[in-house]
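Welcome! Please have the model open as you read.

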Amino acid sequence: MKFYDVLASLIHDMKNSLSMVVHTLEQMTEDPSFHYDKPERVTALQNEANRLNNNLIELLTLYNIENERISPTIEDVDVANFLEEVIAENHASAEANHINLFAECDPDLYGYFDEGLVRGVMNNLVGNGLRYTRDTLCVSASQEDNYLVLRVEDNGAGYPKEMLAAQSSQDLHRDIAEGRTQLGLYFATLIAEMHKNKEQVGFIRLENGYKLTGGCFSVWLP
Amino acid sequence: MATKIEQLHFLIIDDYGDMRGVLRNMLQSFGVTHIDSVANGREAMALIESKRYDVILCDYNLGDGRDGQQILEEIRARRLVGVSTVFVMITAENTRLMVMGAVEYEPDSYLTKPFTKDLLAQRLERLLNRKADLLEIENAIDHKEYDVANALLDKRIEENPKNVNEFIKLKADLCIKAGAYDQAEAIYSGVLVQREIAWARLGIGKAYFGNRRYDEAKMVFQGLLDGNERFMAAYDWLAKTQLALDEPVQAQKVLETATSHSAKAIVRQRALGELAMANHDEKVAEHAFSQAIHLGKYSIYKHPSIYANLAKTKATNANGEAGLRVLRDLKKAFKGNKEADLYSSMTEAVLQEDMGNSVRARSCMDNAHELYKELGTKAAPELALDMARSCSKMGELDRAQEFLQQAVKNNHSDEAFLKQVGATLADLGLSDDPNALIADIKKGIVRLNNRGVELAKQGKLDEAMLLFEEAVDGMPGNKVVNLNAARIFMLQMKKSGIVPKRIDQVREYLTRVRQMDSENRTLHKMDRMLKQLLDGAKP
C-alpha cells in the first residue's frame, strides 16, 4: 500500500468521525428540549470540529499539490450560488458564535475556477474570520480588472502590519519553514496561483479596512 | 417549478450506519417522510429495481462490493432510473480525484463530507430546480428525439439565461452525437473565443476526430494534456486518435500513462490490455487485464472477453495451466451465459492445442462453432476476430478467412473495426494485401446498397425490395443493410399495402440492429416509420 492510499483511507475514516461529531452537535443545539447552562462550550466544540475538518482538507490538498496529484479543473461557476453554499456550510457555526455572516454578489455573476479547490480556501477563510471578527463577516465577489475577486472581510482588529506586505507562495513557503506564518495563507496562495488564464496568474491580497473596519482577505482569480 | 421536497422519495446508500442516521435526520428536518436507507450496492440494486426514487444520496466508498460510481453506472446503463432522478455522490475528498476519468455516467452533483444540513438543503433545492429546468430537454435526448431537443435548446440559448453555457454545451454534445461535426466545431470555437475552457477544447478535438482530421485532433488532445496531465478524457481520445493514425505503440504508451494516474477505470484498463496484446506486449497486457477483472467484479463493464484475453496472456507469460485457471474463473463469473461459454471454448481450444492436447482442443473448437452459430446476429463483431484466431490455430484456415470476410461484410462502415480485421488478416497470414481485400468487399456492398436506393428512387420498389432481401441474407449482421432493407420494405408497403409476412421481416431486421446498437439514430427513425405505417393501416 502506498502512503497516499493510507492517507486517503485514514482521512476518509476521520471524516466519518468528524461528520458524526459535527452533526450530533448540530442536532443537540437545535433541539429545543436541550438545556445546558454553558452553551458556549458546545459552540467551542463546534468551532474546533470545523477547524479540524478544514485542516484535514488542507492537509490532503497540500499533499496532492506537492505530489502533483492535482491540476485545477476550470469550470463555469455560478458565483452567487457558490457563495450561498459557502454561507450555508458555515451558517450554523456563525449563529452559534453570534456572528452576522452574509454574502454580497451580483446574482448574474459567472466565474471560471476549480470549484472544489476554491471552496476549500473559502471555508478556511470563513472559519478563521469567525474566530477573529467582532460580530460581522461578509463574503463577497465581483469582477475587477479582468479578475474575479472573492473577499472575506470582518470587523475585528485587522491583520498585524507585518502580514500586510504582498507575498508569493515562495516567500510563504520559507516563512512556514521558519514557523512565521499560517499554513492557511500558504494554502490559499498556492491555490490562487494554480489558476491561470493567458498571461494572468491568480494571487491573494491582505488589507485592513476595505469596507468593514477589520481585515479583508481577497483571492484574485484570472 | 420543482415538486415540493416533502413529497419526494429518497434513497440513502452508505455503509456507515451512523452516517445513514445523520442523513435521515437531516432529510426529516426538511419534512421528507419517504426515506429508505441501505448499506451496500447489492441492497441498493434490489430496492431500485422494485421502486422509483426521486433522489439518491450515495456514498462513493462502500467497502466491499460495488462502489458509488459502479452503482450509478449500473442503474443508468440498465435504465433502472429515469433522467428525472437526482443522483448525489458523497465523497470524503473535496476533489474528484478518485472518480475523475472519462466516465460515461456522471452524478448530478458531488458533496464532500462533512456537510451541514443547511448546505444539503441549499444543494438539493438547486439540483431539483435545475432538473425541472432541463427535464424536457433531457427527456427528448433520452428518447433520441434529437430534433426536438435541438429546437428546445435553441429556444433556451436565444433567451440567453445566465447559465447559457450549460445549454450551449448540451447542444454541441448533441451535434457530436448526430455527426454534425462542422456545427459542433463552430459552437466550441465560439466558446473558446471568449475563454479557454477544457470542455470546449476537448469538444473541438472530438469534432476534428469525427471529421477525420486526426493530426489536428492529436494536437488538441496533446495540448490539453500539456496543460493538465490529469485530464483523463484527453488520454482516451489521444489514444483513439493515434490508433486512427496507425501509431499503436504510441497509443499504448498514452494509455499506460493514463492508467498510472488513475488506475480505477475498467474500460481504460481493458482498452490498454487489448492494445498491448495487439502490440505483442504480453506483460503489460496481462497486468491490464488482471486490473480490469479485479476492478470489474461488481461492474457492468465486466466482460468475458477480458478473462479470455487474460487466459491467453497468462499462457504466453507463464504456462497453459495458468491460462486454464483463468477460464475456470470465467465460467464461475458468468454462469449460464452463452457468449461467455463461447469465449471459454474458443480460448481453451488454443490453450489445449499449445499444450499438445489436440483431442481436447478439437472438441473445444467444435463446441465453439456450435455456440457461435447459436448466437447468430447476437454475436458481437469482435467475436468473429477471436474465432478467426482460434480457427487459424486449429488449422481451419478457410474458416478463419470466412469469419474475417463476413466481419467486413457485417461492419463495412466501421473504420476502427475494419482496421482490426485488417490487422488480424495480416497477423494470421491470410492475405498479402488485407487493405485491398477489405476495400474490395466494401466496394461491393456500397455498390449494392446504392443500386437498391437508386431503384427505390426510380419508384421500382419491388425490384429494390428483392435486392435488399438478398443483401440482408448475405450479411445479416450489417446494420446499414438491415436498416435500408427495413426502410425499402416499408416504403413498398406504404404504396402497395401491408403484407403481414413482410412486417415480420421488418421487425426482424430492426430487432437485429437493436441488438447490435440500441442507440442508433436511424433505428429510432425506422421504429417511428413502422409505427406510422401500422397506425395508418388501421381502419
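Which residues in α17(B) meet which residues in α18(B)? B:Met365, B:Ala368 and B:Tyr372 of α17(B) meet B:Leu383, B:Met387 and B:Ser390 of α18(B). Contact here is judged by C-beta atoms, placed from the backbone, that lie within 7 Å. By class, this contact has five nonpolar, one polar and no charged residues. Ala, Val, Leu, Ile, Met, Phe, Trp, Tyr, Cys and Pro count as nonpolar, Asp, Glu, Lys and Arg as charged, and the others, Gly among them, as polar.

Helix α17 covers residues 358-375 of chain B and helix α18 covers residues 381-393; they pack at an angle of about 155 degrees, with their axes 11 Å apart. The axes are lines fitted to C-alpha atoms, for helices over the stretch in contact, and angles run from 0 to 180 degrees between N-to-C directions. The two helices α17(B) and α18(B) are therefore roughly antiparallel, a term for angles over 145 degrees. Their crossing is left-handed, that is, the near helix is turned anticlockwise from the far one by less than a right angle.

## How to read the model

This is a predicted model, in which local features need pLDDT of at least 70 and side-chain atom pairs count only at pLDDT 80 or more, while totals for chains, interfaces and linings use all residues. Residues are numbered from 1 along each chain as its sequence is written, and chains are lettered from A and ligands numbered from 1 in the order in which they are written. Helices (H or I, at least four residues) and strands (E, at least two) are DSSP runs, numbered from the N terminus.

## A second pair of helices

α6(B) and α7(B), the latter spanning residues 181-194, pack at about 155 degrees with their axes 8 Å apart. These two are therefore roughly antiparallel as well, and their crossing is left-handed. In α6(B), the residues B:Ile168, B:Lys171, B:Ala172, B:Cys175 and B:Ile176 take part, meeting residues of α7(B) that include B:Tyr181, B:Ile187 and B:Val191. This contact has nine nonpolar, one polar and one charged residues.

## Where the chains and domains meet

The contact between the chains takes 37 residues from chain A and 32 residues from chain B. On the side of chain A, α1(A) gives the most, with 12 residues. That side has 13 nonpolar, 14 polar and 10 charged residues.

Chain A itself is divided into domain 1 (3-66) and domain 2 (75-221), with bounds from an automatic or database domain assignment. Their C-alpha centres lie 21 Å apart. From domain 1, 13 residues are in contact with 13 residues of domain 2. On the domain 1 side, α2(A) gives the most, with 11 residues.

## Backbone details in chain B

Most residues other than glycine have a negative phi, and most peptide bonds are trans. Now look at the peptide bond from B:Lys113 to B:Pro114: this bond is cis, with omega near -10 degrees. B:Pro114 is found in the loop between β5 (109-112) and α4 (117-142) of chain B.

B:Arg79 has a positive phi, near 55 degrees, and sits in the loop between α3 (68-77) and β4 (86-91) of chain B. Is B:Arg79 buried or exposed? B:Arg79 counts as exposed because it has 9 C-beta neighbours inside 10 Å; the cut-off for exposed is 12 or fewer other C-beta atoms within 10 Å. B:Asn160 has a positive phi of about 50 degrees.

Note on methods: Contact = placed C-beta atoms within 7 Å. Buried ≥ 20, exposed ≤ 12 C-beta atoms within 10 Å, placed from the backbone. Parallel < 35°, antiparallel > 145°, perpendicular 65-115°, else oblique.
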